[in-house]
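Have a look at the picture first, and then we'll go from the whole chain down to single side chains.

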Amino acid sequence: KEYYIPQYVLSRPHWKDHPELVLALIERGTVDGGIAQYVLSQPHWKDHPEWVLALIETGTVDRWIATYVLSQPQWKDHPEWVLALIERGRADECIATHVLSQPHWKDHPEWVLALMERGTVDGEIAQYVLSKPHWKDHSKWVLALIEKGTVDGGIARYVLSKPHWKDHPEWVLALIERGTVDQYIAESVLSQPHWKDHPELRALMNGEEPTVNRLRSVLRQRRIPDCLRAFVRTFGFFGR
């Protein structure tokens, strides 16, 4: 079968001196997905960017290119290919999951922003992008997703569970106050050492281990004085 050739033959480095075989398959156009998955993903073919470009121009295997080709660091000098796929918009999920999750693309925050503005893969961005420490300097993206309120479960399980976000206890409190993902907060967030022993959360608990119910109780108790202070500022009844 022809599709076995990319998988079992051309994927092997001892065939790297026969680029004409790859070119013949690309020109035939019958196994483009296999070429992307098994051939162009291999570092021994890194000297043939023209093949990647040829497949991108066909427009038929964008998801394979994102998943198997652009996820590989040997192609990091070709950001124009990622941009082309983002502009085409056919592989957003794969770009979030397999491209932006890789540290060799960390210098392109504009791509994350582009996908967030499109709003089609917020869940994948939480799980595969913001969970990675190479995006830790972009806290505004986490805040934007929390404010949107559509992927609270993903934020809890995949973002706040990571220690590189430990400087934002306000996000934990925001989700607790919202009350939509208590189980995930308990299982994936407060169970983590960086939250279990977090000094700000411990201070709210008077030194005790933070739990969802205890933190929510503290938030409710604080809300009443805050409302009174706002009332006083507005009407000035007290202190006359």
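## The chain as a whole

Among contacts in the chain between residues at least 6 apart in sequence, 65% join residues at least 24 apart; contact here means heavy atoms within 4.5 Å. Before going on, some ground rules: this is a predicted model, where local features need pLDDT of at least 70 and side-chain atom pairs count only at pLDDT 80 or more, while totals for chains, interfaces and linings use all residues. Residues are numbered from 1 along each chain as its sequence is written, and side-chain values use heavy atoms, with hydrogens and water left out.

How many helices and strands does the chain have? There are 16 helices and 0 strands, where helices (H or I, at least four residues) and strands (E, at least two) are DSSP runs, numbered from the N terminus. The chain's radius of gyration is 25 Å, well over the 18 Å that the globule rule gives for 240 residues, so the chain is more spread out than a compact globule. (That radius is taken over C-alpha atoms, and the globule rule is 2.2 Å times the number of residues to the power 0.38.) Along its principal axes, the C-alpha trace spans about 90 × 35 × 25 Å. Of the 240 residues, 43% count as buried; buried means under 20% relative accessible area, exposed over 50%, and partly exposed in between (1.4 Å probe, protein chains only).

## Two helix pairs

Two packed helices are described by the angle between their axes and the distance between the axes. Axes are lines fitted to C-alpha atoms, for helices over the stretch in contact, and angles run from 0 to 180 degrees between N-to-C directions.

| Helix pair | Axes come within | Crossing angle |
|---|---|---|
| Helix 2 (residues 19-28) and helix 3 (residues 32-39) | 9 Å | roughly 145° |
| Helix 5 (residues 62-69) and helix 7 (residues 92-99) | 8 Å | roughly 5° |

In the helix 2 and helix 3 pair, Val-22, Leu-25 and Ile-26 of helix 2 meet Asp-32, Ile-35 and Val-39 of helix 3. Those residues divide into 5 nonpolar, no polar and 1 charged. For the record, Ala, Val, Leu, Ile, Met, Phe, Trp, Tyr, Cys and Pro count as nonpolar, Asp, Glu, Lys and Arg as charged, and the others, Gly among them, as polar.

Helix 5 and helix 7 are roughly parallel to each other, a label for angles under 35 degrees. Here Arg-63, Ala-66 and Thr-67 of helix 5 meet Glu-93, Cys-94, Ile-95, His-98 and Val-99 of helix 7. This contact splits into 4 nonpolar, 2 polar and 2 charged residues.

Is His-194 buried or exposed? With a relative accessible area of 13%, His-194 is buried, and it sits in helix 14 (residues 193-196). Its side chain reaches the backbone oxygen of Leu-160 at 3.2 Å. The side chain of His-194 also makes a polar contact with that of Trp-195 (3.1 Å). A polar contact is a pair of N or O atoms within 3.5 Å; within protein, one must be able to donate a hydrogen and the other to accept it, and residues adjacent in sequence count only if both atoms are side-chain atoms.

Arg-178, in helix 12 (residues 169-178), is partly exposed at 37% relative accessibility. The side chains of Arg-178 and Asp-152 are joined by a polar contact of 2.9 Å.

Finally, Arg-220 lies in helix 16 (residues 212-235) and is exposed, with a relative accessible area of 51%.

How values were computed. Angles under 35 degrees count as roughly parallel, over 145 as roughly antiparallel, 65 to 115 as roughly perpendicular and the rest as oblique.
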